[in-house]
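Visitor: I have a model open and want to learn how to read it. Where do we start?

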Amino acid sequence: MSKLPGFRIDGSWIRSMRGEKVPVDPFLPYGWFNEQELTLKGEVEEVSAILLTNRECPYKCLMCDLWKHTTDERVPVGAIPVQLEYALEKLSPAKHLKLFNSGSFFDSKAIPVEDYPRIASLADGFESVLVESHTAFIGEKTLEFSRILSPNLQVAVGLETVHPEVLPLLNKGMSLAGFKEAVVFLKANDISVRAFILLRPPKLSEEEGVEWACRSIDFAFSCGVDICSVIPVRSGNGALDQLAAEGLFQEPSIKSLERVLAYGIALNKGLVFADLWNLEHFSTCERCFGSRKERLQQMNLSQEIGIPLSCSC
Ligand code: SF4
Ligand SMILES: [Zn+2]
């Protein structure tokens, strides 16, 4: 592990490292796309993902870049359903819906509670709806939304890492006990859970990054999580770029992502996915990148470990 920098990593430092936000319209989602995903039923099905514009998350996690497409104030009541309608009109039909809001769906300063009924009615034709939330916002509002929602609810929660020194450094304001408590609560209420797990957060070497991502998958499944999604940590949010300049952070390699995904799938305790967003960031070899990406895609969809690739890189 690398040494800590000479300055204190806290919310104000993380914030001070940020660049400008991208201008957003509170009545327009900032992204929408369809993708294929293996579902808990074991079938590959179409999923519509919508990136909702809303107020910035009150947490300031070290690795987060989601603040870039957020507003400073809460969006007006009614704006989120308008965004949803807009994206759903543009997207081709899908069985499942993912609503990403760059923070916590159950934070009423992000998604107004008054909008739950219209959101639920717009989601009516889907089989499942995924939303994301910090553990601190999981509770009565989660149950309130789940009760009025016809599709099955799935909540994605950032576990990030179980490393005892790195988790506090991430400034996430969450303990492992808090994570476990949230998972147990959701599962007891028939809500499925997806955990986000970081591959190589700051301070860890490549090998340590792999080891702690695997340990984090173990922990997530031991808590009762249904799906683990492994996210290679990317620079670009200011704070991580500064830590990279100090030698305290380096992006992981695509090969490590392959190793962690293979480890998680082999456990056979639930679904394990590799996040493929901006995957080219993590490869330095043009010769094998395409085949590695294809292998990861196939492993995500089949949960079978493809033949490892060899390349002179
Ligand atoms: S809780 Fe999630 S959205 Fe909020 S700052 Fe942390 S990583 Fe970003
Ligand atoms: Zn190569």
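Guide: Start with burial. A residue is buried if 20 or more other C-beta atoms lie within 10 Å of its own, exposed if 12 or fewer, and partly exposed in between, with C-beta atoms placed from the backbone. Some ground rules come next. This is a predicted model, in which local features need pLDDT of at least 70, side-chain atom pairs count only at pLDDT 80 or more, and totals for chains, interfaces and linings use all residues. Residues are numbered from 1 along each chain as its sequence is written, and chains are lettered from A and ligands numbered from 1 in the order in which they are written.

Visitor: Which residues is A156 in contact with, beyond four places in sequence?

Guide: Contact means that two C-beta atoms, placed from the backbone, lie within 7 Å. For A156 the partners are L130, E132, R194 and F196. S229 is 73 residues away from A156 along the chain, yet their C-alpha atoms are separated by 9.2 Å.

Visitor: Now the ligand. Which residues surround ligand 1?

Guide: A residue is near a molecule if its C-beta atom, placed from the backbone, lies within 6 Å of it. Around ligand 1 stand C57, Y59, K60, C61, C64, L66, S102, G103, H134, G158 and K172. Ala, Val, Leu, Ile, Met, Phe, Trp, Tyr, Cys and Pro count as nonpolar, Asp, Glu, Lys and Arg as charged, and the others, Gly among them, as polar. The shell of ligand 1 has 5 nonpolar, 4 polar and 2 charged residues.

Visitor: Take C57 from that shell. Is C57 buried or exposed?

Guide: C57 counts as buried, because it has 21 C-beta neighbours inside 10 Å. It is found in the loop between β2 (44–51) and α2 (79–90). Beyond four places in sequence, C57 is in contact with L66, W67, S102, G103 and S104. Of these, L66, S102 and G103 also belong to the surroundings of ligand 1. C57 and K109 are 52 residues apart in sequence and 8.9 Å apart in space, C-alpha to C-alpha.

Visitor: How do I read strand pairing? What is the sense of β1 and β2?

Guide: Two strands pair if DSSP finds at least two bridges between them. β1 and β2 run antiparallel and are joined by 8 bridges. N34 has S48 as its bridge partner in β2, and L38 stands opposite V44. The hairpin of β1 and β2 has 5 residues between the strands, and G42 takes a positive phi there, near 95°. β2 also pairs with β3 (residues 96–100), in the parallel sense over 5 bridges. There V47 stands opposite H96.

Visitor: What does a positive phi tell me to look at?

Guide: Most residues other than glycine have a negative phi. Two asparagines are worth a look. N171 has a positive phi, near 65°, in the loop between α5 (166–169) and α6 (176–188). N278 has one near 55°, in the loop between β8 and α10. N278 is exposed, because it has 10 other C-beta atoms within 10 Å.

Visitor: And helices? Which residues of α10 are buried?

Guide: They are R292, R295, L296, M299 and N300. Seen down the axis of α10, they fall within an arc of 135°, so they line one face of the helix. That arc is of the directions from the helix axis to the C-beta atoms. The face turned away carries the exposed residues E286, G290, S291, E294 and S302. The buried residues pack against β1 (31–38), α9 (254–267) and β8 (271–274). Q303 follows α10, with a positive phi near 55°.

Visitor: What covers the buried residues of α7?

Guide: The cover includes β5 (152–160), β6 (192–199), β7 (227–232), α9 and β8. The buried residues of α7 are G209, V210, W212, A213, S216, I217 and A220. G224 follows α7, and its phi is positive, near 110°.

Technical notes. Helices (H or I, at least four residues) and strands (E, at least two) are DSSP runs, numbered from the N terminus.
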